[in-house]
Each structure stands twice: as structure tokens, then as C-alpha cells.
Amino acid sequence: MKERLMSGNEAVAIGAIKAGCRFFAGYPITPSTDLAERMSKLLPEIGGAFIQMEDELGSIGAIIGASLAGSKAMTATSGPGFSLMQEGIGFASFSEIPIVVVDVQRVGPSTGIPTYPSQGDIMQARWGTHGSHPIIALYPSSVKESYDLIFTAFNFSEKYRVPVIFISDEVIGHMREKITVEDSHIVFERKKPEAPKEDYLPFDSRYEVPPLANFGEGYRFHITGLTHDDTGFPTSDPVKTERLMERLQRKILNHLDEIFLYETFLVEDADILIVSYGVVARSAKEAILELREKGVKVGLFRPITIWPSSEKIIADLALNRKVFVFEMNLGQYVLEVERIVKKKVEFYGKENGEIISPEEIESCILKSL
Amino acid sequence: MYTEISLDNLRVNKLPHIWCAGCGNGIVLSAILRAIERSKIDKEKIVFVSGIGCAGRSSGYVNFNTLHTLHGRPLAFATGIKLANPDLQVIVATGDGDLAAIGGNHFIHAAKRNIDLTVIVFNNFVYGMTGGQFSPTTPEDSFTTTTPYGHIEEPMNISYLAISAGATYVARETIGNPLMLEKYILNGLLHKGFSLIEAVSSCVTEYGRRNNLGDPAEYVKFFKDKSIPFSKVKSVESNDGIVVGEFVNIERPEFVSSYYELVKKVKK
């Protein structure tokens with residue numbers, strides 16, 4: 001264990017390499033750029049590959065190719081770049097290629113305010129690409145957690161053969177905190193096929209997550225973004241299509257116990273439940289301590305896994321409590337909370353480049369009493 | 001010497017292919033397969049990458065590691081594969097729309113990097129799979145479904161663009177001369193650096209029909225008649241026809257090698 005001062009973006013870069021990342025392709029965009037810069041320094045030192053591509057469409061394509069060639073691969077971007085990556089994320093979801101996509105959110109829509117924070121990509125992380133597909137999206141709220149959670153991102157990606165979206169925000173990405181860097185993290189390696197080469201099915205529906213061979217190992221298999229059968233070749237058969245779509249959902253949703261990560265803070269006796277995540281959850285904790293001094297029993301639920309949600313955990317926490325959602329957008333995660341708790345939810349959101357302060361949260365709660 | 005296509009390199013159970021009767025793509029694909037056979041490359045190390053469109057479907061028919069990517073992105077995927085594992089021999093099959101329109105930026109930059117990929121562009125002057133719309137290479141005054149009054153843009157010269165962007169091997173041949181096409185693809189496979197082989201192909205159903213290029217045999221004859229050897233005109237374009245030949249075959253530092261040379265220097 002070592003104590004180090006670093007930013008959230010640096011923590012992601014260093015953690016990613018410890019988690020086995022050996023390939024990074026990206027295109028510079030604020031506020032994610034320093035993550036790419038860090039990777040360009042670190043990867044050659046350990047024999048890994050860094051490439052600055054011509055755009056984000058190229059970046060996501062390159063990491064998918066690298067993953068198929070056997071590397072753990074990552075890219076990092078922000079708002080508009082994340083939008084450009086969506087077709088590639090859809091491809092990786094459907095053809096089950098493990099990749100990690102870091103999105104350090106900035107203010108939007110469009111070019112927005114590049115250097116200011118926002119949480120405007122919550123729905124884009126879930127529904128940015130077309131079609132119905134599973135996704136895992138994780139969101140830290142500190143530098144230390146950025147470091148720890150990037151291991152989880154790579155592990156989930158390899159274990160479930162799914163792109164993992166690692167969402168951060170400008171504040172978490174650029175703030176510097178002293179953290180202890182631990183070397184005790186578990187690193188998961190992709191499951192390789194054991195079947196004879198001629199029998200290998202890259203999308204074998206007898207598995208929840210079929211083993212994935214690397215290109216060049218003699219399996220001669222086919223990968224396509226078209227709807228495919230167990231062999232990986234295109235099909236338009238509704239039965240085979242349904243079997244694939246159903247398995248893709250199942251391989252994630254059947255493992256919510258492992259995938260759904262969250263934190264609660266002072267919820268046991270709380271009458272009011274605040275839901276917030278990322279940098280806003282830090283403001284919420286401050287506000288909760290202030291409110292408790294004033295005798296208001298408030299607690300926090302902070303989803304770390306933003307997608308998918310555990311309906312049971314969220315519904316149980318919301319039971320018999322007044323629910324407030326605070327987020328730096330004009331209403332995204334609140335839709336998921338409302339869908340699950342099926343009762344009136346108080347919402348406070350803004351996307352003007354300012355973070356939501358503890359005072360704002362406090363005054364919002366006090367006004368409602 | 002005539003090279004047989006090894007059936008082991010074809011996914012025979014995926015045939016017949018989806019290309020229209022009379023389509024030139026089969027001539028291009030067979031030239032690629034013969035070139036691969038002659039190159040003696042380890043088949044297990046071949047990754048055959050394609051984009052979207054008629055040419056993009058070729059990856060489904062060849063028995064290697066194959067990757068059918070997104071429209072316009074095969075070079076981006078191929079770049080990741082080659083850089084992550086330089087032992088792999090990466091071949092890209094793409095179409096004129098895939099490479100030069102939606103994938104134009106990747107094309108320019110892959111050539112600029114001089115990354116060791118062999119790219120065969122099936123140039124049939126049209127978007128075949130979507131039903132005959134104009135492409136970047138559609139000749140001026142031609143008729144397509146989106147140029148019902150005749151095309152007003154000058155066509156893009158893919159080989160010329162590749163040369164300008166920095167490709168170190170560039171050649172063009174039509175399906176009227178498949179043995180030369182095979183030879184250029186072989187040269188590209190053996191060349192270290194970015195190789196672009198422009199295979200001028202026919203689209204009987206969508207382009208030929210609207211522009212009176214006749215039946216498949218007449219179409220091939222049209223290409224033969226229109227071909228002008230590069231040695232004769234010393235230019236990659238001519239108003240009189242299609243210039244064919246090997247335009248560029250030079251050496252320049254290759255991206256992946258340069259990258260791993262750098263790694264050797266800085267590795268801790």
C-alpha cells in the first residue's frame with residue numbers, strides 16, 4: 001500500500017493498467033484528455049499499446065479490434081465524443097466484445113461547456129445506441145473509488161463479455177485527493193474456449209457467457225454486428241434472434257447480486273432518502289450531516305452501478321420514506337427511480353456547469369418539511 | 001502458373017453467396033484467395049476484416065479469423081488488431097462507399113500512419129447493397145437512384161488519394177485482368193506498410209443497368225477496353241479510361257514497428 005496524491009483521471013489510468021489494460025485508443029476531448037495523456041506515458045513503459053486515433057469512431061473501433069486480438073482495451077472520452085462512440089458500443093454489446101469506455105462528463109447538450117461538470121450522460125450511457133441490449137455503467141464519487149472501480153469495470157467487462165461504461169464527471173476527474181493505492185485487487189481474466197477448434201462456437205447459447213477465443217489462436221471464427229446464431233454467422237431467424245437477445249439480457253440481469261454496487265449513508269432511521277451519485281453524492285453527505293444537526297433524519301442512497309438497477313434494493317430503501325433525487329441534469333436518473341418506487345419523487349436538477357452544493361440540498365429539503 | 005483456390009480457405013457451407021448473378025465481386029474475392037495461397041502466409045495468423053456493403057459480406061465466405069465490422073470502420077478495427085498483435089496478418093476488404101465516404105477519415109489516417117494492412121477496395125462506382133445510390137467514385141454524368149438527372153460531381157480517385165495520404169503500396173486493376181489483380185494483391189500482402197489495391201469491379205444490377213454497360217460479359221469487356229497501362233500515361237488518371245498498374249511501391253517507416261521500437265527504448 002502506497003499513499004499518493006492524484007486526480008480521478010490519473011487514478012483511472014493507473015488502476016486500468018494494474019487491472020491488465022494493455023491497449024488504449026482515444027481522441028483528445030476535455031475533460032478526459034489527461035487520462036489519455038497519462039496512458040500515452042504509462043503504456044509504452046510496460047509494453048502496451050497507445051494510439052491517438054483520428055476520431056472517436058476510430059477509437060472505439062480500434063479498442064474492439066484490440067480486444068479481439070487478445071488485449072484488455074480501454075478508451076476515454078467526454079460528452080460529444082461519447083455520442084460518436086455509440087455505434088461501436090452497440091457493436092461491442094451485440095457481438096459481446098469486452099471493452100471499457102470511460103466518459104468524463106461535461107456540460108451539454110452539444111459542445112456545451114467543455115471545462116465544467118455535469119451528469120448529463122446518464123441516459124446516454126444506457127440508451128445511446130440503438131436496439132435493446134445490456135450494458136453495465138459504473139460511477140465513482142472519489143479519486144480513491146475511481147482507482148478501485150476501474151478494476152471492477154475491467155473484471156465485469158471480461159467476465160460478462162460486455163462493454164462497461166465507466167462514467168465520471170469533470171470534478172471527480174480533475175480533483176486531486178490523497179489515496180492509498182492497494183495491490184490486492186482481484187483481476188479477472190477472460191474465459192478461453194476448451195472445445196476442440198473445429199467445434200468452437202463463439203456465441204454458444206448453452207453458456208450464459210460463451211468463452212471467447214483470441215484471433216490468431218487457430219479458431220477461425222466470425223464476428224459480425226448483424227444478428228447472428230451460435231456460430232457467429234448472420235441469421236434473420238426470429239427464434240435464433242430471440243434466443244440471442246434473451247441471453248444477452250439474462251447474462252447481466254441474472255447477476256445483479258454481483259453487478260449492482262451501491263453505498264448507503266445514515267439510512268437506518270431516515271425519514272427522507274436522498275438519491276444522488278458521483279460528485280453530487282459528496283454534497284449530499286455534507287447536507288445530511290448538517291440536516292441531522294437540525295434534527296432532520298435524512299439518509300443517502302448512492303448507486304455506484306448506475307446501470308442496470310436492482311429494483312428490489314431501490315424499492316426497499318424507498319419504502320416509507322420521502323425520496324429526493326439530486327442530479328446535475330434536468331431529469332435522467334430520477335426517471336429510473338420513479339419507475340422503480342412508483343410514488344411521488346421530489347426532484348432537484350440543474351445543468352448549468354455548477355455543482356449542486358450542500359446548501360442547495362439542505363435548503364431544498366428544509367423547504368419541503 | 002495458375003493457382004487453385006484451396007477449398008479449406010472457403011466456407012463452402014456459407015455458399016452460395018448473396019451477390020447478384022454477374023457481379024464482379026467474386027472475381028475480386030477469388031483473386032484475393034489465390035494471392036493468399038501464393039503468399040504462403042500462415043492461415044491461422046490471417047485476420048480478414050470487412051466493412052458494410054456488398055464487399056463487406058466477403059468476410060463471411062472466407063475461412064480465416066473474420067470480422068465483419070460497422071459501415072466505414074473496418075480500418076479502425078483493423079488498426080486495433082494489428083497494433084495489439086503485430087504477428088497477425090490483417091487483410092481488409094471494403095467497398096468504395098465504405099472506404100472513401102463514411103470511412104474516408106480512417107482511410108487517410110491509416111495510409112498516413114503507413115500501418116501494415118493490406119486493403120482491397122472493391123470499387124464498383126455505386127452503393128450496391130442499398131439499391132444503387134451514387135458513391136464517391138461514381139463517374140460524372142452517370143445515372144444512379146439518387147442522381148436521376150445525371151451525376152454532377154467529379155469522381156474521387158481512390159488510388160490517388162491513397163498515394164497523397166502516404167500509402168506505400170498502391171495499385172489498380174479491373175476485373176478484366178484478374179491475374180494481374182491477383183499479382184498486385186500478392187505484392188500488397190508481402191509489402192510491409194499500408195497497401196491499397198483498387199479492384200475496379202462491376203455492379204451489373206444497380207450501376208450497369210442504369211448506365212447501359214450491358215450484360216456481365218460485355219461489362220468485363222468494357223473494363224478491358226477502357227484499361228490504360230500506367231506505363232503508357234505515367235499518371236494515375238486519364239480522361240480516356242481507367243489507368244491500371246502498380247503506382248507506388250516504396251519503403252517508409254511502418255507504424256506498428258516504429259511503435260514497438262519506441263517501446264523497446266522506454267520499457268522499464
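Tutor: Strand β10(A) and strand β12 (residues 298-303) of chain A run antiparallel and are joined by four bridges. Strands pair if DSSP finds at least two bridges between them, and strands (E, at least two residues) and helices (H or I, at least four) are DSSP runs numbered from the N terminus. This is a predicted model, in which local features need pLDDT of at least 70, side-chain atom pairs count only at pLDDT 80 or more, and totals for chains, interfaces and linings use all residues. Residues are numbered from 1 along each chain as its sequence is written, chains are lettered from A and ligands numbered from 1 in the order in which they are written, and side-chain values use heavy atoms, without hydrogens and water.

Student: In β12(A), which residue is the bridge partner of F265(A)?

Tutor: Strands of a sheet pair through backbone hydrogen bonds, either parallel or antiparallel. Here β10(A) and β12(A) run antiparallel. The partner of F265(A) in β12(A) is L300(A).

Student: Which are the edge strands of the open sheet of chain A?

Tutor: The five strands follow the order β10-β12-β11-β14-β15, with mixed pairing. An edge strand pairs on one side only, which in chain A holds for β10 (262-265) and β15 (345-349).

Student: How do α4(B) and α5(B) lie, oblique or roughly parallel?

Tutor: Helix α4 (residues 104-113) and helix α5 (residues 158-165) of chain B pack at about 45°. Angles run from 0 to 180 degrees between N-to-C directions, with axes fitted to C-alpha atoms, for helices over the stretch in contact. Angles under 35 degrees count as roughly parallel, over 145 as roughly antiparallel, 65 to 115 as roughly perpendicular and the rest as oblique. Therefore α4(B) and α5(B) are oblique.
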